[in-house]
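Thanks for coming, everyone. I have one structure to walk through today, and I will keep it brisk.

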Amino acid sequence: MRLRKARGVAELPVYNTVYRCLQPGRALLDDALVADIATALLGDPAPAQAWQRACVAIEQRRSTAAIVAVADGLPDDLAEFTGRVSECAAILEGPDDGTGSTAVVYVLEGMAGVGKTTLAVHVAHALRAAGRFTDLCLSVNLRGFDAELPPADPAALLSGFLRRLGVPAGHVATLTLAHRAALFGKLLAGRRALLLLDNAASVEQVRPLVPSSSSCLVLVTSRRRLEGLPATHLRLEVLRREESVALLRRIAGTERMDADPAAAAGIAELAGHLPLALSLVANRIRSTPDWAPADHLARLAERTDRLRLEDGVQATIGLSYDQLPAGARRLLRLLALHPGRDVDGFAAAALAGCGPGDAEAALAALATTNMLRQRVTGRFELHDVIRMFAASRATDEEPASARRAALTRLLDHYRHSALLAMNHYAPHEAHRLPAVPDRDIPAPGFADRASATAWLDAERVNLVAAAIHAAAHGWPEHTGHLSMILFRYLDLSGHHLDAEILHAAASRTSADALARARALTHLGIAHINLSRFHAARDELTRAADLYRDNGNHQDVFRVLINLGGTELYLGRLAEARRQFRHAASSAEATGDEVALGRAMGNVAVADYLLGHYQDAIETCRQTLTISRRSGDRIVEGAALIHLGASYQRLHRSREALTQLQAGLALVRRVGHRAGEADALNQLGLVHAALGDHHRALDLHDQAMEIATGDGIRELQVQVLNAMGGTQLGLGRPERALGCHRRALTMSRQLDQRYEQARAHDGIGRCLAANGELTAARKHWRNAVSLYTDLGTAEASAVADRLRKSAAGI
């Protein structure tokens, strides 16, 4: 504590903070706190600094492993694909259904450059052309042997798969790796789906990605033998002599290669019969009509002898590289510096410091010679082997200053283009975005929100990877700016893990206190979206202290609202109310009526949960007056809903119906889906109280459909508990018990103590209805304990029920 205070750290670590920091599975390590603990234990700051550096390195690697891009389609097939007849037949003539509980799996294994990916893509296209596995196709690069990036995290990959299958991001975020894998298998059950898992690192990386559905087929490529993975393993060796020559003939031209069969055979031998090397040589032969095949053979022999390489791949790449125009060679070198794994023409132009036209010409030259591959139109990527070659050439041929200048231009491009995109994506938040120089860097033009969204979706992985790279290599301002610029996109699109990674990097590296406070605020919101409420409270508290120190009262309000919401999730209702009241005072002092209405609406929620229903009614009326004056229809609708819910708790059902129906109509009109689900659920409770349980159940079902479809987990828990009460009212204790038990499981996952208490109470009622009084009392005691800790009115009612049960009343 003394060390942190000396450094000006606002908050002091308590036991719970330290305990959580060191728990397995902790979302983000506090490297400064770890260093403090190490210093305290070892009595020496020197090794503690090493601990801190190790934490930063681990966090960097973990963050990068979670940045993945999943495609719902296949890369383009190569028109010049040649050979591999037996391997193709083994897959194409194989079974359509797996045996047992897993998919049909084929693993293509072999050395780098042997053509594993090319074969997998070709076979996948052939399967779909034959009308097999056409329901769904997913593909992803697992980055198993990337020279710079760690292998992709299976949990992040499954998150991408599930989102492609329509599972809301908020729901995915709460699931463990095992639960994601189980849900993935469930969603693919009976579907003819094809998965391409390219460049796998290990069995452990692949196993969770294989769906537990025998109707699916999975193609895996790897440089390693994936022992222990139930699959058909096909080992790819280099091409046979006749296949190598056939590939040369197909690309370079039949007439030229047939004119000198000895030269063709010699080239194939020196290229090691590797498809990657052969395609590079063949493209070079095709583009130099004044050179005979024998001339290419002689030059390749000279280069191979000089390098003393057995397989000739390095020599082949080097010769193709030497033949490129100077601009294309330079772009290839600079592309190896890119922290992401694919580029468009604008990013290439930024790296090279040229116009988009020149960059596109260079990209085309590189693609034509197979130095680049184009997975989708307009986007290019390097093969791992060529990336290593290009990175070596960049180190040898580009001064450090030139490499840094290229990366600076690239980061400038991403920052500026992201800003332009966000001005269309969320124009109402333009005032929150930083002013950044464009420095005459070409950027894509955006006509509307749809085009901006398409660009953000395509570049998301690159944007986050660029920000992480910037944080680790001396561009902290770019990381901070990207954190601010991309906040709303990542938040609304549900990429909460990406948001956590980005904002955490910005909070660690931003030198400016205000930028650090904004990053911490955004990090706290990402934690809330990921149901990491303790971590959210820690980050938001730090942000509030920084804002206060800098006199930024408007942003303090925003943090207080989110802090209050976090306290609500954690069941600290009195503290939540205090934060909301504090936020209201802050908004009132600045004259911001929109902010004041939002704060007062949240105060009403806290009053309602605390059982202060008359206070909640009065606060809702104040909120209605403020929101109608400011024109904030969402807050007005929420206030009507909370007013109706409070009337219902006071058994004023008719008044409750009137307010809830008005609130439902308003939130539907403005498209506020969460508000609609809340209103429907509350209306269900009113109808249940009036004895119309079937109508109540229908309303609960409508609310659950919205909450599930939009991934609003906290609302799902509320609806389950409400459904349980309604089912019990219909005389269906077993169904009611199932609802409450599901609610208990979910509320524990989300750390929602109020809903846990409701679930325990409901389970107790169901068990009592079945005559299981001993078990019922156990759950009621749990409910009383939770309600008492929360300080809510329900504690006395459940305690009275427990007392009467024990007395046999």
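First, the ground rules. This is a predicted model, where local features need pLDDT of at least 70, side-chain atom pairs count only at pLDDT 80 or more, and totals for chains, interfaces and linings use all residues. Residues are numbered from 1 along each chain as its sequence is written, and side-chain values use heavy atoms, with hydrogens and water left out.

Now the chain. The secondary structure comes to 39 helices and 8 strands. Those are DSSP runs numbered from the N terminus: H or I with at least four residues for helices, E with at least two for strands. Of the 809 residues, 56% count as buried. Buried means under 20% relative accessible area, exposed means over 50%, and partly exposed is in between, with a 1.4 Å probe and protein chains only. Next, contacts, meaning heavy atoms within 4.5 Å. Among those between residues at least 6 apart in sequence, 67% join residues at least 24 apart.

On to the cores. In soluble globular proteins, nonpolar side chains tend to be buried together. A nonpolar core here is a set of buried Ala, Val, Leu, Ile, Met, Phe, Trp, Tyr and Cys residues joined through side-chain atoms within 4.5 Å. The largest one has 92 residues. Among those with the most contacts inside it are F557, L568, F580 and Y787. Helix α29, residues 593–610, gives the largest share of this core, 11 residues. There is also a second, separate core of 61 residues, including L324, L334, A348 and L410.

What does L568 touch, leaving aside its neighbours within four places in sequence? The partners are L573, A576, F580, V605, A606 and L609.

Helix α27 spans 553–569 and helix α28 spans 573–590. They pack at an angle of about 160°, with axes 8 Å apart. Axes are lines fitted to C-alpha atoms, for helices over the stretch in contact, and angles run from 0 to 180 degrees between N-to-C directions. So α27 and α28 are roughly antiparallel. The cut-offs: under 35 degrees is roughly parallel, over 145 roughly antiparallel, 65 to 115 roughly perpendicular, and the rest oblique. In α27, the residues that meet α28 include F557, L560 and L568. On the α28 side, they include L573, A576 and F580. By class, that contact has 10 nonpolar, 8 polar and 2 charged residues. Ala, Val, Leu, Ile, Met, Phe, Trp, Tyr, Cys and Pro count as nonpolar, Asp, Glu, Lys and Arg as charged, and the others, Gly among them, as polar.

Next pair. The axes of α27 and α29 come within 11 Å and cross at roughly 15°. These two helices are therefore roughly parallel. F557, I561 and L568 of α27 make the contact with α29 residues, including V605, A606 and L609. The classes there are 8 nonpolar, 1 polar and 1 charged.

Finally, the single residues. R84 has a positive phi of about 60° although it is not a glycine. R84 sits in the loop between β1 (70–71) and α5 (85–92). Buried or exposed? R84 is at 5% relative accessibility, so it counts as buried. N199, in strand β4, also has a positive phi, near 65°. At 10% relative accessibility, N199 counts as buried. L773 lies in helix α38 and is partly exposed at 36%.
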